[in-house]
Amino acid sequence: MIDEIHSITARRNRTREHFKSALIKLIKEKGYHAISVKDIVDTAAYNRSTFYVHYQDKIDLAEELLKTMLEGLEASVGVPYEQGQTVYTSKLNAPSFNIVAYIYNHRDFFELIKYDDTLPGLHTELPRTIQNIYNEQFVFETINNMPVNMDYFKQYTAYGFYGLIINWIRQDFRESQEAFIRAVIDLTRTHMHSIKFVGKKIRPEGGPPLS
């Protein structure tokens with residue numbers, strides 16, 4: 001019985017992923033607002049009745065896609081850390097920035113940020129999610145404990161990181177993942193002495209892999 005439930009759940013999730021992939025592909029081809037449910041089911045190779053088993057309409061699909069991907073982004077940050085773990089910036093390495101690996105591994109989705117007629121909410125929710133990560137998941141220590149307004153500090157660093165990510169995406173990930181992370185680490189060391197992970201290690205239900 002349990003195996004049967006798992007099989008049904010896996011099939012359900014697989015179908016939903018096919019619809020999400022179809023939506024991503026179509027946004028790149030013709031823009032979000034020109035897409036119909038018929039376009040989505042034809043691209044995903046399903047029928048309309050199957051689509052409506054899972055979603056009310058195109059908007060429902062788009063909202064779930066955005067929600068699951070950004071929840072995955074938030075959850076990916078904590079993968080290399082233990083609760084309460086402090087890491088000195090001199091010891092940062094590629095695994096410390098699992099968020100970059102997540103973006104690269106799901107670049108088909110994150111490339112949507114380059115388009116004007118794209119997934120609704122992406123242009124506002126992606127920077128907001130990165131800001132939330134800095135606000136809620138980390139405590140930062142400045143070099144020599146220099147006193148700063150930490151709210152401003154987190155906003156400054158979060159939007160700086162977001163800007164680097166957007167530039168990397170817009171350049172079609174021309175720079176290797178490893179080289180990009182090295183550059184981010186070098187910049188981080190100019191103004192941070194240590195980071196402490198205070199977030200929770202969460203795997204979003206129904207979300208994409210966190211690798």
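**Reading the terms in this model**

Visitor: Why does N167 count as partly exposed?
Guide: Its relative accessibility is 41%, so N167 counts as partly exposed. Buried means under 20% relative accessible area, exposed means over 50%, and partly exposed is what lies in between (1.4 Å probe, protein chains only).

Visitor: What kind of model is this, and how are its residues numbered?
Guide: It is a predicted model: local features need pLDDT of at least 70, side-chain atom pairs count only at pLDDT 80 or more, and totals for chains, interfaces and linings use all residues. Residues are numbered from 1 along each chain as its sequence is written, and side-chain values use heavy atoms, with hydrogens and water left out.

Visitor: Where does N167 lie?
Guide: In helix α8. Helices are DSSP runs of H or I with at least four residues, strands are runs of E with at least two, and both are numbered from the N terminus. From K67, N167 is 100 residues away in sequence and 23 Å away in space, C-alpha to C-alpha.

Visitor: How many helices and strands does the protein chain have?
Guide: Nine helices and three strands. From the N terminus, the order is α-α-α-α-β-α-α-α-β-α-α-β. The C-alpha trace spans about 60 × 45 × 30 Å along its principal axes. Of the 211 residues, 44% count as buried.

Visitor: Which residues does UniProt list for "domain: HTH tetR-type"?
Guide: The unreviewed entry lists residues 13-73. UniProt positions are given in the numbering used here, feature names are shortened, and annotations may be inferred rather than shown by experiment. In the model, residues 13-73 are 80% helix and 0% strand. The end C-alpha atoms of this stretch are 19 Å apart.

Visitor: How many aromatic pairs does the structure hold?
Guide: It holds 19. Rings of Phe, Tyr and Trp (its six-membered ring) pair if their centres lie within 6.5 Å. Planes under 30 degrees apart count as stacked, over 60 as edge-to-face, and the rest as tilted.

Visitor: Why is the pair of F19 and Y55 called edge-to-face?
Guide: The ring centres are 6.3 Å apart and the planes stand at 80 degrees, so the pair is edge-to-face. F19 lies in helix α1 (residues 2-30), and Y55 in the loop between α3 (48-54) and α4 (58-77), so the pair ties together parts 36 residues apart in sequence. Both residues are buried.

Visitor: What makes F109 and F110 an edge-to-face pair?
Guide: Their ring centres are 5.0 Å apart and their planes are at 85 degrees, so this pair is edge-to-face. F109 has 2% relative accessibility and counts as buried. F110 is buried too, with a relative accessible area of 1%.

Visitor: Which residues do ring pairs link into a cluster?
Guide: Y81, Y134, F138, F140, F153, F161 and F197.

Visitor: How do you know that R16 lies over the face of Y55?
Guide: R16 is 4.8 Å from the ring centre. A charge sits over a ring if NZ of Lys or CZ of Arg is within 6 Å of the ring centre and within 35 degrees of the ring normal. The charged end of K58 likewise sits over the ring of Y32, 4.2 Å from its centre.

Visitor: Why are α4 and α7 called roughly parallel?
Guide: The axes of α4 and helix α7 (residues 122-137) come within 10 Å and cross at roughly 25 degrees. Axes are lines fitted to C-alpha atoms, for helices over the stretch in contact, and angles run from 0 to 180 degrees between N-to-C directions. Angles under 35 degrees count as roughly parallel, over 145 as roughly antiparallel, 65 to 115 as roughly perpendicular, and the rest as oblique. α4 and α7 are therefore roughly parallel to each other.

Visitor: Is the crossing of α4 and α7 left-handed or right-handed?
Guide: Right-handed. A crossing is left-handed if the near helix is turned anticlockwise from the far one by less than a right angle, and right-handed if clockwise.

Visitor: What makes N144 exposed?
Guide: Its relative accessibility is 74%, so N144 counts as exposed. N144 is found in the loop between β2 (138-142) and α8 (150-170). Its phi is near 60 degrees, a positive value in a residue other than glycine. N145 is in the loop between β2 and α8 as well. N145 has a positive phi of about 50 degrees, and its relative accessible area of 54% makes it exposed.
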